[in-house]
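I opened my notebook to go through this structure one spot at a time. Here is what I looked up.

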Amino acid sequence: MTFEGVGPGTVFVIDDDLSVRRALRRLLLTADYRVVTCESANEFLLSPQPLPRPSCVVLDVRMPAVSGLDLQEALRAAARAIPIILISGHADVATAARAKAAGAVAFLSKPFDDVSLLAAVRKALQQDREASTNGGPQK
Amino acid sequence: MGELTASLAHQLNQPLAGILSNAQAARRMIDAGQSTLEDFTDVIDDIIADDHRAADVIRRVRDMLTPGETALTKLDVNVLIDGVTKLIASDALLRNVSIASALSPETMAVTANRVDLEQVLLNVLTNAIDAVAVGPASGRVVTVKTARSNGDIRILVRDQGPGLPPGFEHRVFEPFFSTKKSGMGMGLAVARSLVEQAGGAIGAANHSTGGVVVTVTLPSAAE
């Protein structure tokens with residue numbers, strides 16, 4: 001797990017594909033976000049708590065062991081509901097619908113444009129900022 | 001072909017995502033004017049690596065789909081098995097694996113493409129050898145049998161390896177699925193497509209006393 005950048009928000013990139021992690025890290029750093037890359041859901045779950053605010057997760061759907069959708073379920077149940085952007089190289093309508101229904105900020109099909117990703121990240125961080133000013137989405 | 005297309009899309013979308021995000025990051029890095037030449041070299045290296053990754057996927061699929069010699073001929077499965085086992089005998093010997101043939105004494109005639117059927121046999125036998133080669137010496141045996149069943153010809157290849165995890169019996173035939181660390185996951189997918197082209201079927205199952213049995217069923221050729 002690597003922490004980088006100095007920006008106003010933190011983006012956790014969780015993808016088992018090294019190349020995708022490296023590319024998204026670069027892209028997000030150019031937008032001045034702090035970036036943390038994790039190669040598995042488990043690695044993310046070992047992040048130091050509490051998670052920084054505002055922060056969001058860019059999460060790959062298809063990963064060995066714990067899938068993105070599984071992690072999304074787990075995070076929904078957690079006290080700190082961090083906003084999630086799902087990304088997938090295997091986008092099907094059913095998965096996208098399930099992800100959205102479970103409250104994902106966005107569902108992006110790989111390959112996706114920088115503009116789409118950065119817009120989704122802005123929205124997710126804004127959502128997290130608002131949740132924080134409203135006393136946090138404590139469940 | 002549906003699952004092949006889906007898995008192909010996934011295999012290609014990963015490197016494509018890397019390439020696009022890297023290229024767009026590079027453009028933004030130029031605009032920001034704070035990156036070094038070394039930073040850009042890293043980006044370019046990653047793009048090149050992803051491009052090769054995508055090209056490898058295409059190459060694998062092309063190899064799989066390129067039809068070879070298409071002539072269908074009447075073949076004796078027993079003769080073919082004999083040839084293929086001879087071909088891999090030295091490899092098996094090097095790995096301390098013995099191949100025991102229990103072929104039916106009668107002619108087992110099928111109508112198929114020789115090269116295709118040889119490839120199927122080679123693949124199934126190589127998998128069986130791989131499955132036992134790392135195990136205990138007592139289990140380093142692969143058995144090949146032929147038999148008739150309801151007018152069909154059956155080829156049974158059994159190993160004495162660790163067997164398949166539950167639920168993997170069907171998945172081993174999916175493209176890009178592999179239980180091997182270095183496997184491409186194409187071998188049995190190709191085997192299945194070739195067997196089906198010959199009007200047959202292929203299946204894998206754990207044997208009740210251990211190991212895996214792969215069964216290839218082909219229609220018997222008309223006399």
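**A glycine in a loop**

I began with A:G9: apart from neighbours within four places in sequence, A:G9 touches A:Y33, A:R34, A:P54 and A:L125 (contact means heavy atoms within 4.5 Å). This is a predicted model, where local features need pLDDT of at least 70, side-chain atom pairs count only at pLDDT 80 or more, and totals for chains, interfaces and linings use all residues. Residues are numbered from 1 along each chain as its sequence is written, chains are lettered from A, and side-chain values use heavy atoms, without hydrogens and water.

I placed A:G9 in the loop between β1 (2-4) and β2 (10-14) of chain A. A:G9 counts as buried because its relative accessibility is 1% (buried means under 20% relative accessible area, with a 1.4 Å probe and protein chains only). From A:G9 to A:L125 I counted 116 residues in sequence, yet the C-alpha atoms are 6.7 Å apart.

**Helix α3 of chain A**

Next came α3 (residues 68-77) of chain A, where A:G68, A:L69, A:L71, A:Q72 and A:L75 are buried. Down the axis of α3(A), these buried residues fall within an arc of 155°, so they line one face of the helix. Their cover includes β2, α2 (41-45), β4 (55-60), β5 (84-88) and α4 (93-101) of chain A.

**Two helices in chain B**

Last, I checked α4 (residues 114-133) and α6 (residues 187-197) of chain B, which pack at about 145° with axes 9 Å apart (axes are lines fitted to C-alpha atoms over the stretch in contact, and angles run from 0 to 180 degrees between N-to-C directions). The residues of this contact between α4(B) and α6(B) divide into 7 nonpolar, 5 polar and 1 charged.

Definitions and conventions. Helices (H or I, at least four residues) and strands (E, at least two) are DSSP runs, numbered from the N terminus. Ala, Val, Leu, Ile, Met, Phe, Trp, Tyr, Cys and Pro count as nonpolar, Asp, Glu, Lys and Arg as charged, and the others, Gly among them, as polar. Buried means under 20% relative accessible area, exposed over 50%, partly exposed in between (1.4 Å probe, protein chains only). The arc is that of the directions from the helix axis to the C-beta atoms.
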